[in-house]
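Subject: Handing over the two-chain model

Hi,

Here is the structure I promised to pass on. Please open it next to this email and follow along.

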Amino acid sequence: MKEIIAVVRMNKVSDTKRALIGVGAAGFTALKVMGRGRLVEDKTVIAERRKTLLALSRSDEHNTEKIVTEFLDGTRLFPRRMFTVLAHDQDVPKFIKAIVDANKTEYKVGDGKIFVVPVMDAVRVRTKESGDAAI
Amino acid sequence: MIMVRAIIRPDKKDAILYELSSAGFNAATVYDVVGRGKQKGIKFGDVIYDEIPKSLIMLVVNDEDKDDVLEVILQHAKVGENGSFGDGKIFVSSIDEVYTVSSGAAGL
């Protein structure tokens with residue numbers, strides 16, 4: 001039994017839900033979280049977006065440069081949605097593939113992370129079933 | 001890999017995140033929680049507050065970085081020289097696998 005914790009973009013929530021239902025995920029819990037990832041070391045990855053954002057901003061704002069830099073290099077916390085899904089061991093690769101496929105974007109950064117955590121036991125409150133039957 | 005979940009005072013959140021980033025652990029997920037601890041909440045007269053707001057910082061790091069992360073959090077999460085009730089708790093659990101969505105690759 002495994003718990004899959006996936007942190008994904010807010011605008012990919014419906015896609016993720018649809019993908020999870022598609023591969024037969026019984027149920028899931030979703031939380032609003034704030035998160036940040038690794039610092040961007042390779043600046044060429046974000047160069048294109050930086051240019052777009054700078055073009056959008058008004059030139060008379062003196063700290064635009066600083067804000068855009070902070071916005072892209074990964075030091076700020078951004079809103080994300082955290083899904084936790086319980087899965088049987090053999091379903092884990094299937095679920096991960098579904099989540100990855102649903103959340104991939106062309107931006108190369110900020111698409112999220114998936115963690116697979118071992119779970120010792122689960123109990124269904126209604127019937128007191130435990131173990132694999134409770135998923 | 002291990003997952004560190006630290007329940008800390010909300011007003012210490014920014015400081016800890018800054019220090020973690022300086023120590024090389026930039027990636028983190030943060031959300032707000034409510035909870036109570038061993039002291040059964042706070043009692044003022046007849047009123048008991050047992051849903052005390054806290055922040056939860058969740059980060060996943062390599063096994064060998066565990067001590068560094070704990071050191072940073074423990075050092076900056078406490079109030080006063082010796083710490084106080086309500087400074088929080090840190091939970092460490094194991095992680096089987098990690099995937100990055102943008103590349104689909106396994107690993108941090």
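First, the ground rules. This is a predicted model: local features need pLDDT of at least 70, side-chain atom pairs count only at pLDDT 80 or more, and totals for chains, interfaces and linings use all residues. Residues are numbered from 1 along each chain as its sequence is written, chains are lettered from A and ligands numbered from 1 in the order in which they are written, and side-chain values use heavy atoms, with hydrogens and water left out.

**Chain A against chain B**

Chain A puts 29 residues into the contact, and chain B puts in 25. Contact here means heavy atoms within 4.5 Å. About 2,300 Å² is buried between the two chains, and carbon and sulfur atoms give 61% of that. Buried area is the accessible area (1.4 Å probe) that two parts lose on being put together, summed over both.

There are 13 residue pairs in polar contact across this interface, both residues at pLDDT 80 or more. A polar contact is a pair of N or O atoms within 3.5 Å; within protein, one must be able to donate a hydrogen and the other to accept it, and residues adjacent in sequence count only if both atoms are side-chain atoms. On chain A, four elements each supply at least two residues of the side that touches chain B: strand E1 (2-9), strand E2 (28-36), helix H4 (92-103) and strand E4 (113-118). Helices (H or I, at least four residues) and strands (E, at least two) are DSSP runs, numbered from the N terminus. That side of chain A has 15 nonpolar, six polar and eight charged residues. In this count Ala, Val, Leu, Ile, Met, Phe, Trp, Tyr, Cys and Pro are nonpolar, Asp, Glu, Lys and Arg are charged, and the others, Gly among them, are polar.

The count of salt bridges between the chains is one. A salt bridge is a side-chain nitrogen of Lys or Arg within 4 Å of a carboxyl oxygen of Asp or Glu. A:Lys2 and B:Asp96 form it, at 2.8 Å from N to O. A:Lys2 sits in strand E1 of chain A, and B:Asp96 in the loop between strand E6 (88-94) and E7 of chain B. Over all chains, the structure holds eight salt bridges.

**Strand pairing**

Two strands pair if DSSP finds at least two bridges between them.

- E4(A) runs antiparallel to strand E7 (residues 97-100) of chain B, joined by four bridges. A:Lys113 has B:Thr100 as its bridge partner.
- E2(A) runs antiparallel to strand E2 (residues 28-35) of chain B, with three bridges. Here A:Gly35 is partnered by B:Thr29.
- Within chain A, E2(A) and strand E3 (residues 78-87) are antiparallel over eight bridges. A:Lys32 stands opposite A:Arg81.

**Domains of chain A**

Chain A splits into domain 1 (1-36 + 78-135) and domain 2 (37-76). The bounds come from an automatic or database domain assignment. Their centres, taken over C-alpha atoms, are 30 Å apart. Six residues of domain 1 and nine of domain 2 make the contact. The two bury about 710 Å², 64% of it on carbon and sulfur atoms. Between them there are zero salt bridges.

**Chain B overall**

Chain B has two helices and seven strands. From the N terminus the order is β-α-β-β-β-β-α-β-β. Its C-alpha atoms fill a box of roughly 55 × 25 × 20 Å along the principal axes.

Best wishes
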